[in-house]
Amino acid sequence: MKQGSSVALKVMAGAGFVFLYAPIIALIVYSFNESKLVTVWGGWSLKWYVELFRNEQIMSAAWVSLKIAFISATMASILGTLAGFVLSRMRKFAGKAMLTGWVTAPLVMPEVITGLSLLLLFVSLENMFGWPAGRGVTTIVIAHTTFCLAYVAVVVQSRLASLDETLEEAAMDLGAKPTSLFFLITLPLIAPAIISGWLLSFTLSLDDLVIASFVSGPGNSTLPMVIFSKVRLGVTPEVNALATLMIVTVSIAVIAAIVIMHRQNRFKDANK
Amino acid sequence: MLSKLRLGRTAVILVPMLWLAAFFFIPFLVVFKISLAEAMIAVPPYSPLLQWDSSNAYLTFKVTFGNYLYLFESRFYLDAYLSSLKIAAISTFFALLIGFPIAYLIARSRPTMRTILLALVILPFWTSFLLRVYAWMALLKKNGLVNDFLLATGIIDQPIQILQTDFAVYLGIVYTYLPFMILPLYTTLEKMDLNLLDAAQDLGAKPYQSFFLVTLPLAKPGIIAGCLLVFIPAVGEYVIPALLGGSDTLMIGRVLWDEFFLNRDWPLASAVAVVMLIVLVGPIMFMRNSNKEAE
């Protein structure tokens, strides 16, 4: 009986994994398709990759997106680390409940609402103070920093919650000042969380279509905006090639990170 | 010395707080303000609430609830809200149905296998959301792989319309949000004390009984967290209905988008957003409270 149910479980879970991966694999295979008709197989070819790198609109949008993602992820990591630190290490202060709400709400907030509200803020600010003058990279960076900050804060907060506070207390007893305590003890301990928060922010920013569409200005199309305008009209082989490159790059990075973390954990377990 | 410490502490608290106040909280107030304005052809395209008439020194304050009245009077918007809630709820249910066995299997695997399976769940989460939705377009087309497969196996005799239907939207939401369902489920299932299952078995419970009477109640926090993480963003989803749905697939996120970008009616789009927020405040508060309980 027990054996039977575990086979059923494996079949169900296996079907779930097929569901998760079949579309991605199909996309990758078809990116090597010679034929312009995406779903008709015309033999293996790298033609669409060549086309992709010749497409200046896609290439310049990719550059804009990478720039925005780099700046937003960096700013979000700094602000998010502060927020996560404040929430898990500081005892009661006025507005703590409010800050908790502001940090968790962006994680589930529908993007159309975040995008619209930030755009209206920028327009009102421009009317009142003349800043930000027009919309473009700056406004997208502010928007992305805000929603990525929440992700970093959550990751850092959970890392801090799982950390032994005795190390920090010992340093304090030995007379470490708060700033040196933070930079010499706490920061190195939470560095892995900050790095994964940065990487997560980078990919989220690189992927965002809806919020960027609201807060970007003319001539500042990000990569997702260009992809969206292309695929709206149907399936295009260049986008398949682009998708394959992005998915393969991200997969290698994620797998490498997991393998490294797994090895470190085993090393730690072995030393116990 | 102490005051310097205080100052530093306050600064550390204030920096993230001010950023979130300025770029997360205040924008909602601006949306609310503009939802009370009237659309007009101007830059920006709405009427000011406060106006100073310098010729006769009048300060006029003008607020209209017309946008909200319009939302409630027109069947279209009400239908869009209801249909979004329905689509999000049904998708959440199927995500739970598909996600639970996966989370359960991962939680019961040996450590190395667990790392591998967990990585397989997290990997799609890191790859582009937009591109994963796009991947389904090629599969669901009239001459796409799904139709080819159904034709080849003889289930259908001629290609059926799958892309641009509500079904494709359900599929897209379940697919893209599945990792959000699996991860919280996995976290609670992994913490579960397996001795309880042995105890239930010793007391004569059949496997399905111990599943429904022991495992499921213990997994409740994960089920609630997973469902909310899927449901709340799915209600306002724009990309999935825009790419996979038909022109008759009504979802409120898409309505808001069109109101803003196509009709350029900013006040009405703001009113749509305010009502959507009011609808979602309940689930969001519920999520925060269940988070607190979990801590």
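This is a predicted model: local features need pLDDT of at least 70, side-chain atom pairs count only at pLDDT 80 or more; totals for chains, interfaces and linings use all residues.
Take the contacts in chain A with a separation of 6 or more: residues 24 or more positions apart account for 75% of them. What sort of elements is chain A built from? It has eleven helices and zero strands, so if you read from the N terminus you simply go α-α-α-α-α-α-α-α-α-α-α. The C-alpha atoms of the chain fill a box of roughly 70 × 70 × 35 Å along the principal axes, and of the 272 residues in chain A, 42% are buried.

Let's zoom in on one helix pair in that chain. Two packed helices are described by the angle between their axes and the distance between the axes. For helix α3 (residues 56-89) of chain A and helix α8 (residues 178-207) of chain A, the angle is about 140 degrees and the axes sit 8 Å apart. That angle makes α3(A) oblique to α8(A), because an angle has to be over 145 degrees to count as roughly antiparallel. The crossing of α3(A) and α8(A) is right-handed.

Which residues do the touching here? On the α3(A) side, look for Ser65(A), Ile68(A), Ala69(A), Phe70(A), Ser72(A), Ala73(A), Ala76(A), Ser77(A), Gly80(A) and Thr81(A). Across from them in α8(A) you'll find Ile194(A), Gly197(A), Trp198(A), Ser201(A), Phe202(A), Ser205(A) and Leu206(A). Sorted by class, this contact of α3(A) with α8(A) has nine nonpolar and eight polar residues, with no charged ones.

Where do the annotations fall? An unreviewed UniProt entry lists "domain: ABC transmembrane type-1" for residues 62-260 of chain A. In the model that span is 82% helix and 0% strand, and its end C-alpha atoms lie 29 Å apart. For chain B, UniProt places the feature "domain: ABC transmembrane type-1" at residues 81-287, again from an unreviewed entry. Residues 81-287 of chain B come out at 79% helix and 0% strand, with 21 Å between the end C-alpha atoms.

Staying with chain B, the unreviewed UniProt entry also gives the feature "transmembrane region" at residues 12-36, 87-107, 116-137, 167-189, 210-232 and 268-286. Two of these are worth a look in the model. Residues 116-137 of chain B are 91% helix and 0% strand, and the end C-alpha atoms are 29 Å apart. Residues 268-286 of chain B are 100% helix and 0% strand, with end C-alpha atoms 28 Å apart.

Chain B has a helix pair to look at, too. Helix α8 (residues 195-202) of chain B packs against helix α9 (residues 207-218) of chain B at about 140 degrees, with the axes 10 Å apart. That makes α8(B) oblique to α9(B), and their crossing is right-handed. Leu196(B), Leu197(B), Ala200(B) and Gln201(B) from α8(B) meet Ser210(B), Leu213(B) and Val214(B) from α9(B). That contact has five nonpolar, two polar and no charged residues.

Finally, how do the two chains meet? In all, 71 residues of chain B are in contact with 66 residues of chain A. Which helix gives the largest share of chain B's side? That's helix α1 (residues 2-35) of chain B, with 18 residues. By class, the side of chain B that touches chain A has 58 nonpolar, ten polar and three charged residues.

Key
Residues are numbered from 1 along each chain as its sequence is written. Chains are lettered from A and ligands numbered from 1 in the order in which they are written. Axes are lines fitted to C-alpha atoms, for helices over the stretch in contact, and angles run from 0 to 180 degrees between N-to-C directions. Helices (H or I, at least four residues) and strands (E, at least two) are DSSP runs, numbered from the N terminus. Angles under 35 degrees count as roughly parallel, over 145 as roughly antiparallel, 65 to 115 as roughly perpendicular and the rest as oblique. A crossing is left-handed if the near helix is turned anticlockwise from the far one by less than a right angle, and right-handed if clockwise. Two residues are in contact if their C-beta atoms, placed from the backbone, lie within 7 Å. Ala, Val, Leu, Ile, Met, Phe, Trp, Tyr, Cys and Pro count as nonpolar, Asp, Glu, Lys and Arg as charged, and the others, Gly among them, as polar. UniProt positions are given in the numbering used here, feature names are shortened, and annotations may be inferred rather than shown by experiment. A residue is buried if 20 or more other C-beta atoms lie within 10 Å of its own, exposed if 12 or fewer, and partly exposed in between; C-beta atoms are placed from the backbone.
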